Amino acid sequence: MSDLLLELRSEEIPARMQAGARDELERLFRREMEAAGVSVGEITVWSTPRRLALITRGLPVATEAVSEEAKGPPEGAPDAAIDGFCRKNGVVRESLELRDVKGRNTWFAVIEKPGRATKDVLAEAIPAIIRDFAWPKSMRWGAASLSTESLRWVRPLSGIVALLGDDVVECEVHGVTSGAVTLGHRFHHSGDITIGNADDYAVKLRAGHVIVDHAERQDMIRSGAAKVAADAGLKLVEDEGLVIENAGLTEWPVPLLGRFDEAFLDVPPEVIQLTARVNQKYFVCEDSAGKLANAFVCTANIEAADGGAAIVDGNRKVLAARLSDARFFWEQDRKTLLAQQARKLSRITFHEKLGTLDDKVDRVAKLADWLVFDAKAPNGDHKLARMAAELSKADLVTEMVGEFPELQGLMGGYYARAEGLPEEVADAIRDHYKPVGARDEVPTAPTTVAVSLADKLDNLLSFFKIDILPTGSKDPFALRRAALGYLRLVQANNLKLELDQVVHAWASKPLPALAEKLADFLLDRLAVQLRDEGVRHDYIQASRAWQGRTDMRVDRVEARARALTSFMDTDDGANLLAGYKRAANILKKEDWHGIEGEISRTGEEDPLALVDDPDMKAVIDAKMAERHARDLSYTPEPAEKALMDALATAQPQAAKAIAAEDFAAAMAALASLRAPIDRFFDEVTVNADEENKRANRLDLLAAFRAAVHKVADFSRIEG
C-alpha cells in the first residue's frame, strides 16, 4: 500500500474558484481510479493561491487481474464478422469458445486482463485529470496557445508533483513534466523544495513559509484578525466570507490593524464597511460602544521586517482614496431631495411591457395606500405609506447606489432622514426590500410592511399579467423570492389578506383568473416553505380549497394545514382517514350522488334542471332540504343510528369552529366520528336489499364525507 501526493502548481488561482477546484480535483481523481478498478479511501484536498494538492492514503501497489467475457456472432456467421469481433477484443480466432445461447451456438471471447502497476495507472490518469478539469474561466498560454487543441487551465500551469510512496509518477502535460520539486513562498523562500513523499509535503512547505491547508489559514486569519483588533481595544466585525477570501489570497497570512482618518466616519457605516470589504478585502472594527471605529484589518501575505507598518500605510492610502469617493457621493446626493430624484425614474425602463420605474412606483404607492386604508393590513397611516412608496426607489438614481448597488434602500433611508422626513417613512424606504433571503429580518413596522407587501405584490402581479412565470431553475425577475417575502410578511404580521381583493385594488377591477394564478403560485411556495417544518405537501393540498374554490388567504391555508398535521399525527386522525377512504371508495363504486341523483335515476323530474334559474334555486334548495329531512321508513340499526347521531352533533360543532377559523377545534369535532364510523362498517351492511335502506346508508356515508370535506379535502391526503 502506498500514499499518493499530487500537487498542481500554477500562477494565481482566484480565491472565489478555489473551493470549486478542490471539489473538481477530488471528483476527477475518483473517476479515474474507479475506471481503473483502484479502490480509493479518504482523500484530502488543499488549495492555496498557487497550488492544488491532493493526498490519498493506502493505494494498492497494483490493480487486480480480471477476466472478462465478450459475446460475439453466432456460429456460421461470415468470416469477416468473426475476424472483426476478434480484432475488437484483442484475441485470436483459435481462442474463441462456442456456447449455447437459447438453443443457438454463439462465439464467446474470454479476455484475460492482467493487473497493472498503480504507478502506471496514475501516469495515465493525471494528464486526463488536468485536461478534463472544468474551471469557471480558463486560458491558453505560450506558443502552443495558437492551437485550439492546447491545454486550458485557470492560469499557466507551471509544475506537477506526483509521488506514489517515495517514487515519482512519470507523466507530462503540455510540456510540464512531473517530479518531486515544488516552490515555497514567493517572497520568504528561494530555491526549490524537494518533496520526499505525502508525509513530509505539508511540513516542508511550512518550512518554506507556505501553509498549504486552507482551513488552517482560515483559522489563522479568524483568530489573528480578532486579536489585533482586541489589542487595540476594538472588536472585529466578523465576516466569514472575508475570512475565506483572504485565506484564498495568501499562503502565509498575517493580519494587521490600520487606521483611517476619523473624519470619514461622517459617511454611513454601511458605506465604509462595504467600501473596505468589496474594494480592499478589509475587515472593519467597532469600538466598545458598538459604533464603527476608524480602523481596519488587512491580511498581508508576508511577515514584514517593520512589523507591517509599510504595508498598513499603503493600504491606508488606498482605502482613504476609496472613502474619499464615497464621501463625495454622500455629499453630492444629499444636495438633491428624494422627490426630485424620483422624477428621474420616468427615464428608466422597468420592463418593456410594464413601463418605467416611475409607473411601477405609482402602482406600488396606490396599493400600499389601499393595504393600510381599506384592508387594514397592516393597520397604520395610509398617507405615510403612500409617501414612503413614492420615494422608495428614488435612491436608485443616486451616485452612491450607482457605485454600490448593494446599498439600494439603505441609502434612501439615510437621505430621507437627512431631509427630515418622518422616521416611519425613512425606515420604510430603508427596509422595503426585506425580507430578501430565508434568514433575513422580516419588517413589522406598519408603514414598512405596507410598502414591502405592495412592492412584492406588484412584481408578482405585473409579471403574471404578461404571462411571465418562473420555469424550472430560471427565475430572472426573482418572483419566487418575492413570493417567499410575501409569505413571511403575512406570517410575521398575522395578516389576513384576500388575494382577489388585492388584485381588484391593484388593477382597479376584478381579475379572478389573475387572482387564482397568484394564489396558486403562493400556495405552491407555501408548501415548499412549510416542508422544512414537517408540514407535508399533501396536507397543503388538502387545505387549498375554501367554499368550492382556491382559498384566497394563504394564512388560512397554512392554519388548516398545521392543524391537519397535528391531527393526523394522532390515532384519531389516522383512523378517521381510513374510515374516510373506505366511505369514499364505496360511494365511488356505487356512483352515489345523493338523493338528487337517485331521483334522476328513478325517472322523477330532475330537481336540478332549473337550478341555474335564480328564481327557482331557493325553491329547489328548500325542496331538497325537505327530502333530506324526511323520516326514515325503517328502524335504523344501532350502529347506523349511532353514526347518524354523531354526525348530527359533530357537523354543527365543526361548522361553528370553521366559521371561527378554529381548525384545531374542527378537527376535534371530526375526531368524535372515528368510533361511530368504525362501528358502522363493522355492523351495518351498506348495500342492503331494501332500496330505501341502501339509499339512506349511502346518503349517510355521503354526509360523513361532506362533513370531513368541510374541514379538509381528505381525498388529497396520501397513505
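Trainee: How do β14 and β16 pair, and over how many bridges?
Mentor: Strand β14, residues 254-259, runs antiparallel to β16, and 6 bridges join them. Two strands count as paired if DSSP finds at least two bridges between them. Helices (H or I, at least four residues) and strands (E, at least two) are DSSP runs, numbered from the N terminus.

Trainee: What am I looking at, and how are residues numbered?
Mentor: It is a predicted model, so to speak of local features we need pLDDT of at least 70, and side-chain atom pairs count only at pLDDT 80 or more, while totals for chains, interfaces and linings use all residues. Numbering starts from 1 along each chain as its sequence is written, and side-chain values use heavy atoms, with hydrogens and water left out.

Trainee: What holds strands together in general?
Mentor: Backbone hydrogen bonds, in either parallel or antiparallel pairing.

Trainee: What order do the strands take in this sheet?
Mentor: The order is β13-β15-β16-β14, an open sheet of 4 strands with antiparallel pairing. Its edges are β13 (235-236) and β14, which each pair on one side only.

Trainee: Is β16 buried or exposed?
Mentor: Buried. All 9 of the 9 residues in β16 (292-300) are buried, so the strand is largely enclosed by the rest of the structure. Buried means under 20% relative accessible area, exposed over 50%, and partly exposed in between (1.4 Å probe, protein chains only).

Trainee: Which residues sit on each face of β16?
Mentor: L292, N294, F296, C298 and A300 are on one side. A293, A295, V297 and T299 are on the other. Both faces are covered.

Trainee: Which helix lies across these strands?
Mentor: Helix α5, residues 214-231, lies across β13, β14, β15 and β16. It runs at about 30 degrees to β14. Axes are lines fitted to C-alpha atoms, for helices over the stretch in contact, and angles run from 0 to 180 degrees between N-to-C directions. Contact means heavy atoms within 4.5 Å.

Trainee: New topic. What is the order in the sheet with β4?
Mentor: It is β4-β6-β5, an open sheet of 3 strands with antiparallel pairing. The edge strands are β4 (66-74) and β5 (97-101), each pairing on one side only. On average, neighbouring strands here are turned by 40 degrees against each other, direction ignored. Helix α2 (79-89) packs on this sheet and touches β4 and β6. The direction of α2 makes about 165 degrees with that of β4.

Trainee: How many bridges join β5 and β6?
Mentor: They pair over 5 bridges, antiparallel, with β6 spanning residues 104-113. D100 is opposite N105 of β6.

Trainee: How many cavities of 30 Å³ or more turn up?
Mentor: The whole-structure search finds 1. The largest cavity has a volume of about 50 Å³. On a 1 Å grid over the protein atoms alone, a cavity is a set of points where a 1.4 Å probe fits but cannot get out; a pocket is an open set with protein on both sides within 12 Å along at least five of seven lines; lining residues have an atom within 4 Å of a point. Points are joined across faces, edges and corners, and volume is the space filled by probe spheres set on them.

Trainee: Which residues line the largest cavity?
Mentor: T275, N279, R322, D325, A326, F329, E403 and F404. Helices α7 (269-280) and α8 (309-333) each give two or more residues to the lining. α8 gives the most, with 4 residues.

Trainee: And the second largest pocket: what lines it?
Mentor: There are 24 lining residues, and K393, Q408, Y433, D455 and R481 lie nearest the centre. The pocket holds about 670 Å³ of space. α15 gives the most to the lining, with 4 residues.
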